[in-house]
Amino acid sequence: MTFSRSDAVGFVGWRGMVGSVLMKRLEDEGDFSGITPVFFSTSNAGGEAPTFAGVEAGGTLKDAHDLDALCELPIIVTTQGGDYTQAVHPELRRRGWDGLWIDAASTLRQNDDALIVLDPVNRDVIDRGLEAGVKDFVGGNCTVSCLLMGLGGLFRRGLVEWGTAMTYQAASGGGARHMREVLKGFRDISGGVSTELQDPASAILEIDRKVLELQRSGDLDTAQFEVPLAGSLIPWIDSDLGNGQSREEWKADAETNKILGLEGADRVIMDGLCVRIATMRSHAQALTLKLTEDLPVEEIERIIDEDNEWATVVPNTKEATARGLTPVASSGSLQIPVGRIRKLAMGPEYISAFTVGDQLLWGAAEPVRRMLKIATGTL
Ligand SMILES: NC(=O)C1=CN([C@@H]2O[C@H](COP(=O)(O)OP(=O)(O)OC[C@H]3O[C@@H](n4cnc5c(N)ncnc54)[C@H](OP(=O)(O)O)[C@@H]3O)[C@@H](O)[C@H]2O)C=CC1
Ligand SMILES: N[C@@H](CC(=O)OP(=O)(O)O)C(=O)O
């Protein structure tokens, strides 16, 4: 099956968080022009289809579980989530559907016949896959994709022997309701000490005691995160693999190597700890890398900066770091700042780095958007 710009493209999950960011990017880049979008819903089939700039689709939403309707499409783009992929994708393939499935969920990532897409880093792997008839293309884990967009130059040149990624992941990584819960938590906490806050002379330890009491009281809404995240953190993301590692931590090694197409002795060893923090958007990570060579810091910075148009080196100074290397600086931007690059005391091959990127853009929507363009021959 070959694909063209005029093909009908089914969109599932377009109103979710990743889906909304994807729709905005498609609008901003004029990507709706030339394709025929067909919008699906798991909750509102028959409802009015959305209108985006450049979309002429109109009509009504189709049922996202209607296999007959899905089978008619040459390309399906889904940002609906893993449960949906698990339920629908195998059924479509069982029916012999041989269209392109472009997905943001992790479900299919490690399948032998699926590729993880991050084209500024692995366009060669994607092109070879398309040529070989691969039909399932999946965006990578958000922290892994942001890491490789930032420091891909070092990895692609085989300069990394191993690395640890200690992450600081935003509430939005869990979805829209998680963001709301954190904001409500901050509101309730500050509301509980509003009188004391208005009085600059009030005792700070009394404020601290009251805040902690509320956080431990069970009165804060913790429906999404299970424990209060506002004013705290949770050093565990995704499921428990039973060996002390979280699934989010496992993805660092599994997905980095799959994206880069590294096997056997060529594999880079990656591990770390993944931590949820009470930021709204953008995932950050503190890295320790053991390089295969003792390279000058200036050379390391040059390799990172020149690898792609989005990786940007932030000078390792207090002021530049505080201004340019934060979730506040990176959110809403495709730029991936990389800073705190310096040699560590362990030896000349050991470096630190810190990177932060909008996980809804390069970590989710953007690789999927670009894969659609690659598939339709416009990138
Ligand atoms: N959030 C992130 O940072 C990242 C997410 N991903 C992956 O992307 C997939 C989708 O994640 P995400 O977008 O965060 O999920 P969301 O929960 O935001 O959206 C998923 C679906 O939930 C339904 N939904 C129910 N209530 C609402 C509501 N109030 N507003 C919007 N949608 C609602 C919608 O389906 P319907 O319209 O059919 O009812 C929507 O398509 C997941 O597989 C996730 O793992 C990957 C990388 C990063
Ligand atoms: N697990 C990420 C978001 C995500 O959806 O990742 P993945 O696509 O690998 O399941 C987070 O919570 O921040």
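This report walks through a predicted model, starting with its ligands and moving on to its sheets, helices and loops.

## Around the two ligands

Let's start with ligand 1. Its shell holds 25 residues, and the closest are Gly 16, Val 18, Thr 42, Ser 43 and Ala 105. Two elements give two or more residues each to this shell: α1, covering 17–28, and α13, covering 361–375. The largest share comes from α1, with 3 residues. Sorted by class, the shell around ligand 1 has 9 nonpolar, 15 polar and 1 charged.

Now for ligand 2. Ser 106, Asn 141, Cys 142, Gln 169, Gly 173 and Gly 174 are among the residues around it, and Ile 237, Asp 238, Glu 248 and Lys 251 complete the set. That shell splits into 2 nonpolar, 5 polar and 3 charged residues.

## The six-stranded sheet

Follow the strands across and you get the order β10-β8-β12-β15-β14-β13, an open sheet of 6 strands with mixed pairing. At its edges stand β10 (269–273) and β13 (311–313), and each has a single partner strand, so one side of each is left without a neighbour in the sheet. From one strand to the next, the twist averages 25°. Helix α9, residues 247–260, packs on this sheet and touches β8 and β10; the direction of α9 makes about 160° with that of β10.

Inside the sheet, take a look at β8 (residues 160–168) and β12 (residues 283–291). They run antiparallel to each other and pair over 8 bridges. Thr 167, for instance, stands opposite Gln 285 in β12.

## A strand covered on both faces

Strand β6 spans residues 114–117, and both of its faces are covered. In a regular strand, side chains alternate between the two faces of the sheet. Here, Ala 114 and Ile 116 sit on one side, Leu 115 and Val 117 on the other, and all of them are buried.

Which way does β6 pair with β7, parallel or antiparallel? The answer is parallel: β6 and β7 (residues 136–139) are joined over 4 bridges. Val 117 has Gly 139 in β7 as its bridge partner.

## Where two helices cross

Helix α5 (residues 142–156) and helix α10 (residues 297–307) have axes that come within 7 Å and cross at roughly 115°. The crossing of α5 past α10 is right-handed.

Which residues make the contact? On the α5 side they are Leu 151, Gly 152, Gly 153 and Leu 154, and they meet Ile 303, Ile 304, Glu 306 and Asp 307 in α10. By class, the residues of this contact come to 4 nonpolar, 2 polar and 2 charged.

## Two spots in loops

Gly 96 belongs to the loop between α3 (82–94) and β5 (100–103). Is Gly 96 buried or exposed? It counts as exposed, because 7 other C-beta atoms lie within 10 Å, and the cut-off for exposed is 12 or fewer. Gly 96 and Ala 53 are 43 residues apart along the chain, and their C-alpha atoms are separated by 34 Å.

Pro 315 sits in another loop, the one between β13 and α11 (318–324). With 13 other C-beta atoms within 10 Å, Pro 315 is partly exposed. Pro 315 and Gly 339 are 24 residues apart in sequence, yet in space they are 6.2 Å apart, C-alpha to C-alpha.

Note on methods:
Residues are numbered from 1 along each chain as its sequence is written. Chains are lettered from A and ligands numbered from 1 in the order in which they are written. This is a predicted model: local features need pLDDT of at least 70, side-chain atom pairs count only at pLDDT 80 or more; totals for chains, interfaces and linings use all residues. A residue is near a molecule or strand if its C-beta atom, placed from the backbone, lies within 6 Å of it. Ala, Val, Leu, Ile, Met, Phe, Trp, Tyr, Cys and Pro count as nonpolar, Asp, Glu, Lys and Arg as charged, and the others, Gly among them, as polar. Axes are lines fitted to C-alpha atoms, for helices over the stretch in contact, and angles run from 0 to 180 degrees between N-to-C directions. A crossing is left-handed if the near helix is turned anticlockwise from the far one by less than a right angle, and right-handed if clockwise. Two residues are in contact if their C-beta atoms, placed from the backbone, lie within 7 Å. A residue is buried if 20 or more other C-beta atoms lie within 10 Å of its own, exposed if 12 or fewer, and partly exposed in between; C-beta atoms are placed from the backbone. Two strands pair if DSSP finds at least two bridges between them.
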